[in-house]
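Colleague: Could you walk me through this one? I am new to reading structures.

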Amino acid sequence: MSHQDFRDLDVLVLGGGNAALCAAITAREQGASVLMLECSPKCFRGGNSRHTRNMALAHEAHIVPYTGSYPEEEFWNDYLRVTGGEGNQQLARMVIHESPNCLDWARNHGVRFQPSLTGTLHLGRTNAFFLGGGKALINAYYASAERLGVQILYEAEAIDLDIVDGVFRNATVRMAGGEQAKIAAKTLITASGGFQSDLEWMRKAWGDAVDNFLIRGTPYDKGLVLKALLDRGAESVADPTQGHMVPIDARSPKFDGGIVTRVDCVTLGIMVNKNGERYYDEGEDRWPKRYAIWGRMIAKQPDQISYAFIDSKVFDRFMPSRYPAITGNTIGEVARQFNLPVEKVEAVVAEFNRAVQPGTFNHAILDDCKTAGLTPPKTHWAQRLDTPPFYGYPLRTGVTFTYFGVKVNAKSAVLMKTGKPAENIFATGEIMAGNILPRGYVGGFGLTIGNVFGRIAGNEAAMAVREGRGALKEMAYAAK
Amino acid sequence: MQQSELMREGEHMMTVCNACRYCEGFCAVWPAMEFRRKFAEGDLTYLANLCHNCSECYYACQYAPPHEWEVNPPQTFAKIRAQSYEQYAWPKPLASAFRANALVVSLAVALMLVIFLFGATQALGGKSLATAIPRGDFYKITSHETLVLAFGAAGLFATLALLIGLVRFWRGTGEQVSDLTNLPALATAIKDVLALKYLDDSGWGCAYPSEKSSQSRRWFHHFTFYGFLLCFAATTLGAIYYYGFGWKGPYGYFSLPVVLGTLGGIGLLIGPSRLYFLKLGRNREITDEKQCGMDVAFLVMLLLTSASGLLLLVLRETAAMSSLLVIHLGVVMALFLTLPYGKFVHGVYRCAALLKYALERARKQTLGV
């Protein structure tokens, strides 16, 4: 395959997940010729979308598959709360306002929905769950894209971009066979995700702590396109240390472990570091907040590891996980298997047990079970660890995706350091989600951003082609 | 050793699946899985037989091969099903017939053809088999009594073997025999079976033979299943005619038993032949290749039964009648005798698994879970 096959290409889409597909499909439906390059092999296509399962969408009243309404204002407030007001509020408002239309758009492109999954009932009102999860979603989109005539290449990785004065000309692409080709197009849509699987880039942000991180997202987000855009003058957004980081089982594979690696028991017991010390209020808040904070906190503990301890009273109260719990008839027996200082852990648990106050346990609300006179306290769901057998899980920081990306405007055009938008370069998905979510996490919001900005990017690219903007003027296969 | 390795594979898979649960909207297997936290052999046998092999989950799976966890429910469940067929077969020595099923079925057909051919030549007293017999009266070849005796005995044996297998399977999944007759659960299970609910997937169909969802497997299974039932009804009605009313066959082309049998026969021509071609187009990465012979043998037996039966009906007044009768009876007898040791048992265990699923759901509701 050479670039000769793609003469007169209108839209080149880099990436192969939810955002890329929404953009490619939309541009094609507007009549543009579209080529999509997915750097992974077909079996692992879809980037992090492969691991997702739902989309956060505002909606009224009782629309299937939801269990209740989720007004736009409530969504907006949830957004403000997790980001603490950081982030481009104009873009966020656009996405939230447009989000109700994502459901029908997805359905019209073959996606099936279902009621929320068991064990995630708290999301049943706010999020629409894909039947079969994210891989089923992208399978439906790929089928739709193929039907429409979007050309798709797998194992085709863009390694450099030719951009002059904010005008994209061509991309240097490493093809499946290893050969390189230059592919020119009138417009470019970048939807290639963040950089979490480039460990050396991660090391620049986190130092050697990264050696103890697990990348539970796709191994194919190496940030090559992001780096090329930044090198060619695009403005960056968000902090490279920011991303979705959750506590996951330390026994998980280095990459691609996905959803089953999460261990959801932190709020039900206590958490200690490798010195056997507690270091934060395990009962501070519920999902998703606790989920999103613990990954970062473990990253700051010695050797980036922690251990959750629970007893048999609560063992059935969280979703089962991929790896079995470490069990013992005493706390010490479990601690010994982790090579923790046994006496220290026993003392910490004894002290914790003494501090637990009477209360009525209810994991569904912020209940009144708390400790008194303990530092740090446990402010909810505090119950004594007193019923053997005892269980423990080793936990490490699991990075799902990063927020560091390129700055865009409301038309999804990439903003250059000059302050001007690029004429024919657009971005959607994780590569630009940091504009809206520079930190924090709202479950399923990434897919919403990818969908809304994907459709915007697809429309804008098709419009740029029609108007003869950007590279069209000098479209001369300069790079042959 | 082989066995525990397979069970380990099943347990690993279910542990990953139960932590993920993205598939729970597809079919009954996933809610049934979620009732559990541990997956012992009985659980895996139950879940494997609850699986209709629709493959939707495989294509939606983020952990499917080549992911290092190699989650492949259609294939793993198929292997566990095959093992359970053998494990619960009665009498035990015949269980190995599952392993070389196509060979066993072929030998059974050959043997039965020889026996019926011998009987026919005896009955004809040395006359050529190609002698036309007035009115197509096949009782001139084999007497009614012989037929009833031979097929009654074979039918009883097959039924007994299947029933014992059913009870063993039922106990193996941890259920009480008395619950086999739980009426509300039975009603739910029968409805699910008659509609093939879990091949329907709310109207989308299933990922069979390829990734694209389709209703074709469900429809052609319906042709096969209802075709089989119609043939069964025709035979039963024939017996009622004979013993209840003293009406002796062969019955006219527009008599009820013949009409039912003809419709059933047509169903058994269309269904199995189409299912065979669907099977050919199947993604080999998710099948258990070892079972291919057994699956095809059963389809071929159904096809031979219907084709020989319909030909016999059409040509019963010609010189071909005696030969066709020998072929038809030989094939049907071989089919009967091999029913408990071939693909047919999937229906028995699938029904039992669906019944157990209906029971489990009812129990959860009573508990208010």
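Colleague: Is the crossing of helix 10 of chain B and helix 11 of chain B left-handed or right-handed?

Modeller: A word on the source: this is a predicted model, where local features need pLDDT of at least 70, side-chain atom pairs count only at pLDDT 80 or more, and totals for chains, interfaces and linings use all residues. Residues are numbered from 1 along each chain as its sequence is written, while chains are lettered from A and ligands numbered from 1 in the order in which they are written. Helices here are DSSP runs of H or I with at least four residues, numbered from the N terminus. A crossing is left-handed if the near helix is turned anticlockwise from the far one by less than a right angle, and right-handed if clockwise; for this pair, the crossing is left-handed.

Colleague: At what angle do helix 10 and helix 11 of chain B pack?

Modeller: Axes are lines fitted to C-alpha atoms over the stretch in contact, and angles run from 0 to 180 degrees between N-to-C directions. For helix 10 (residues 216-245) and helix 11 (residues 256-280) of chain B, the axes are 7 Å apart and the angle is about 155 degrees.

Colleague: Which term describes how helix 10 of chain B is oriented to helix 11 of chain B?

Modeller: Angles under 35 degrees count as roughly parallel, over 145 as roughly antiparallel, 65 to 115 as roughly perpendicular and the rest as oblique. The angle is about 155 degrees, so helix 10 of chain B is, relative to helix 11 of chain B, roughly antiparallel.

Colleague: How many residues of chain A are in contact with chain B?

Modeller: Two residues are in contact if their C-beta atoms, placed from the backbone, lie within 7 Å. Chain B brings 22 residues, and the number from chain A is 24.

Colleague: Which helix of chain B supplies the largest share of the side that touches chain A?

Modeller: Helix 1 (2-20) and helix 4 (56-60) of chain B each supply at least two residues of that side. The largest share is 5 residues, and these come from helix 1 of chain B.
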